[in-house]
Structure formats: C-alpha cells, structure tokens
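I am opening a notebook on a structure that is new to me, and I want to write down what I looked up in the order in which I looked.

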Amino acid sequence: MHETTVALHGQQVPLFLCSELALPGDTLDKVAHCKGFRDWVARTDAQKVYTVEDVEVQHVDFFGPHVGTIKLKVSVKVGMGPTTTSIFELKGGNAGVLAVLDHQGRQYTVLSMQPRVPIANFSLLEIPIGLIDSSGKFAGKAAQEFREELDLVLTKENLVDMTTLAYNGKFSGVFQSPGHTDVHNALYLFRDSVTTAQLASFKERTEEEEGDIIDLKLVPLKAVWKATSDAKTLAAVALFSALQAEGKLPESTVSPS
C-alpha cells in the first residue's frame, strides 16, 4: 500500500509515500498506526488555525520492526490563503531530569556527557534523558549511570513533574526546534539534601569516571548556564528557578525513610 487517507477536521486527507521511497509494502500502514503519527494527527485535528490538504511520507527509519523517525511533507492552508508546505520530522518526546543536590546553602546538579554526533561534540553537558517506564522508574543509559555510579534510583515517587506544574497540561514538554521536529522533553526534578561526605563521594566518582560512553559531571547549579548551551538543560534550570521563586517546589522530592 502506497496511498491511503487519514481523518482530519472531518475529511479524509490523502496520506501517501514519496514515489522515490523504496520501503516494504506495509510501511504506510505501520506509519498510520504508530503512536508518534497518531499523536501528531490528534494534535493537528484539535487545532482550528489551518487545514491539512495532504501528507507525504518522505522517509521512515525503523528501530527493528518498529517505526522510529518519520519525515513528513505536509501541505497546509490557513483560511482562504495560499497552500504552504511544511517539512519536518516526528520523533516524539522523552523525559529529562534535573537533579538538584542541596549542601550548606549551595546547590549542585549532576549532568551527563556523551558523544553528540550531529553537532560533532563529545563533551556537551546535559541533564540525563530517558523514559519513565511502566514500573515508574526513570530508564535509559543515563539513568543506569545514576544508579551504578551515584546509587541514585530515580522513580516517579521521588520526581516532581516541572512541566505539568508550570504549564498545567498546556504543553507536553519543552520543544527545542518546533519548526523542524516534534522532539520535546518533559522536565522532572529530583531534589535532596546531601552531607559533606556524600558530596565529596559524588565529586570523586564523577571525576574518576572517564572513557565511558556516558560520563557524569557534578556542576554548581548557578554555573550551568556557562557550562553548556544544551537547550533542555537551560530550560530545566529556568523552570526550576521560576517555580522555586513562586514557592511551588518542595525542599526535597525524597520521602523520609
């Protein structure tokens, strides 16, 4: 199947594969039924500013049998204006965690550092990103490093959803380049007080770990803006500062033992 339709604004809008795209015959069906595409359709159907005239699938990357990244070329029309074209990628969202450690009036955070091939940078500091899995745990490579190197297990029970707290459902996360992709990060906060011994241990562990795919670095919170230009990290610090100023954040997200 190389062409079908998708329901948008009460109409059946053409959905088709690029004629030059050589992919298995069931690709379009898989795209139409994958969560990322269905989420985009739901968001598009809910807005009333523009109508979609057709949707061309220009490329699909698969992660095993599952649809990964989808590149779309969409023709849209605002009112009686001319038809315009938007080309973008659907990748979906994930979770990012700002870990704030309070010690004697000072605040620190733990950032991850890993190769970022698209920007040819192998030392960009950023908040750890991953997924909140079905058991409620923060999962992913960075979360694994937190567990193994710092003995910190991040779960829904010890995280505060800063995105929901700030926007009350208006946004599903912080969008980094909404003109080109739907990639977004729901931003969470882990916060706890640490002793001098714990802080020294964190510093030692994050300084001695070198050469891994993902390394962790302990950074003073007030110095994060100078340490990285990563958008989600800067957004997380900004949300933390604003929510804290309004008194909406707890002194600790960890329940007493």
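This is a predicted model: local features need pLDDT of at least 70, side-chain atom pairs count only at pLDDT 80 or more; totals for chains, interfaces and linings use all residues.

I looked up the strand order and found an open sheet of five strands, arranged E1-E2-E3-E4-E5 with mixed pairing. Strand E1 (3-8) and strand E5 (83-90) stand at the edges with a single partner strand each, so one side of each has no neighbour in the sheet.

Entry on the helix. Helix H2, residues 35-46, packs on the sheet and touches E1, strand E2 (11-17), strand E3 (51-63), E4 and E5, while its direction makes about 45° with that of E1.

I then followed strand E4 (residues 66-77), which pairs with E5 in the antiparallel sense over eight bridges. Among the bridge partners, I wrote down Lys77 with Thr83 of E5, and Ser75 with Thr85 of E5. The hairpin of E4 and E5 has five residues between the strands, and Gly79 takes a positive phi near 60° there.

Which residues make the nonpolar surface patch of about 250 Å²? I found Tyr167, Phe171 and Phe175. Tyr167 is found in helix H4, which covers residues 162-167.

How values were computed. Residues are numbered from 1 along each chain as its sequence is written. Side-chain values use heavy atoms; hydrogens and water are left out. Patches are made of residues with over 30% relative accessible area and no salt bridge: like charges are joined within 9 Å, nonpolar side chains (Val, Leu, Ile, Met, Phe, Trp, Tyr) within 5 Å. Accessible areas come from the Shrake-Rupley method with a 1.4 Å probe; for residues, only the protein chains shown count as cover. A salt bridge is a side-chain nitrogen of Lys or Arg within 4 Å of a carboxyl oxygen of Asp or Glu. Helices (H or I, at least four residues) and strands (E, at least two) are DSSP runs, numbered from the N terminus. Two strands pair if DSSP finds at least two bridges between them. Contact means heavy atoms within 4.5 Å. Axes are lines fitted to C-alpha atoms, for helices over the stretch in contact, and angles run from 0 to 180 degrees between N-to-C directions.
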